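Dear colleague,

Please keep the model open while you read.

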Amino acid sequence: MGNIFDYLTWRGDLTFTQDPPNAVDALIFSTLTYVYYGKKAERPPEDATTLRECAEEFFSLDDPEGRARSKKDTELLHCAAATARFGQTRLCLYQSRFLPEQETQFAAMTFLLDDGSMFVAYRGTDNSLVGWKEDFNMTFQQTIPAQRLAQEYIRTAALAHTAPMRVAGHSKGGNLAVFAAARCSPTVRRRILTVYNNDGPGFTKYMIGDPGYAAIVPRIRTYIPQSSVIGMLLEHEEPFIVIRSRSVGLMQHDPYSWEVEGPDFLPVQEVTESSQFLDATIKNWFSGMTNMERNQLVEVLYNLLTTGEVENATDIFQPKNIRAYVKTLTSDADMRHILSTEFQGLLEAAKKARASMTETKELPPSAS
């Protein structure tokens, strides 16, 4: 089976007028958000330029690979821009906000398609430690800054262009897509055709009770790989569409590992047992903590990690940083106590999840 690169080779010669947007296209638009574009992408819709031109500007800038989450993201931009399907889409209203002091990492952009519709796409978590911290804040805050920016962005995009829209994102971007669609005005919401949530986390129970969320649920398409962890976090009302990934464990979160068959993903019946176990463990763990305790744990972990020279998540396991963590833990008894207590709670949550899954397996089938 192929991946999104193979899909571009197979379907890239057909415009969106010839073949309407589908879930694989939505994942490509979502993944293209991980590129840090130049000024051309910021233009308003009436002055929008093509993705091909934006790509040419991007590759003319210094250190293009340093202006994306990964090398594959720059390869995807190069390949997509070369196709008739994506190259002639017009990119506009690009926004990028990185505010460490406000624990905010956000980006969004709008693609104008040749079929007369628009795609609003939100960036997921980048490699910054601030981005990961904002994700963890979701576990105890009713809203995070990126969600509020997502809500304002969809309003801006809807005012700037009157086309019917689809909304999409991967990882945190999927969460932002759902949040924006749920919290926009009813007038804007009526224009939304579909919301694509690609392995994005859910919400606290506060959001689940929101009338706008209930109204948009029938139009949400949530895709998760068979060993999903991120996409099963927190609460969801919409059903999952489980798909096959070439990777294992947490690496299945990588959109490049998702298997594509024709114009769709390759489906599987259900998530793996390990995914179910992790999901039950995390939910048990969170349910055993108050919001204050979740907040405290996140702050302690973040403070520990920032004692090293850590800016990106990839820096966390550098030997010099590990030595800094050990030194901090050795000298800070309060931090040791909090981490020890909460991770003991994690072990208990795992035992409870395992016992529950074992009990379910042993139950006899219900009588018909």
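Before the pockets are described, one term is needed: a pocket is an open set of grid points with protein on both sides within 12 Å along at least five of seven lines. Please bear in mind that this is a predicted model.

The second largest pocket has a volume of about 220 Å³, and of the 13 residues that line this pocket, the closest to its centre are Lys-205, Leu-234, Glu-235, Phe-286 and Arg-294. Two elements, H12 and H13, each give two or more residues to the lining of the second largest pocket, and the largest share, 4 residues, comes from H12. By class, this lining divides into 5 nonpolar, 4 polar and 4 charged residues.

The largest pocket, in turn, has a volume of about 1700 Å³. Its lining is made up of 46 residues, of which Trp-132, Asp-135, Phe-136, Ile-230 and Leu-250 are the closest to the centre of the pocket. The elements that give two or more residues to this lining are helix H6 (129-137), helix H12 (273-287), helix H13 (291-305) and helix H15 (333-362).

Which helix gives the most to the lining of the largest pocket? That helix is H13, with 6 residues. As for the classes of residue, the lining of the largest pocket has 30 nonpolar residues, together with 8 polar and 8 charged ones.

With best wishes

Technical notes
Residues are numbered from 1 along each chain as its sequence is written. This is a predicted model: local features need pLDDT of at least 70, side-chain atom pairs count only at pLDDT 80 or more; totals for chains, interfaces and linings use all residues. Side-chain values use heavy atoms; hydrogens and water are left out. On a 1 Å grid over the protein atoms alone, a cavity is a set of points where a 1.4 Å probe fits but cannot get out, and a pocket is an open set with protein on both sides within 12 Å along at least five of seven lines; lining residues have an atom within 4 Å of a point. Grid points are joined across faces, edges and corners, and a volume is the space filled by probe spheres set on the points. Ala, Val, Leu, Ile, Met, Phe, Trp, Tyr, Cys and Pro count as nonpolar, Asp, Glu, Lys and Arg as charged, and the others, Gly among them, as polar.
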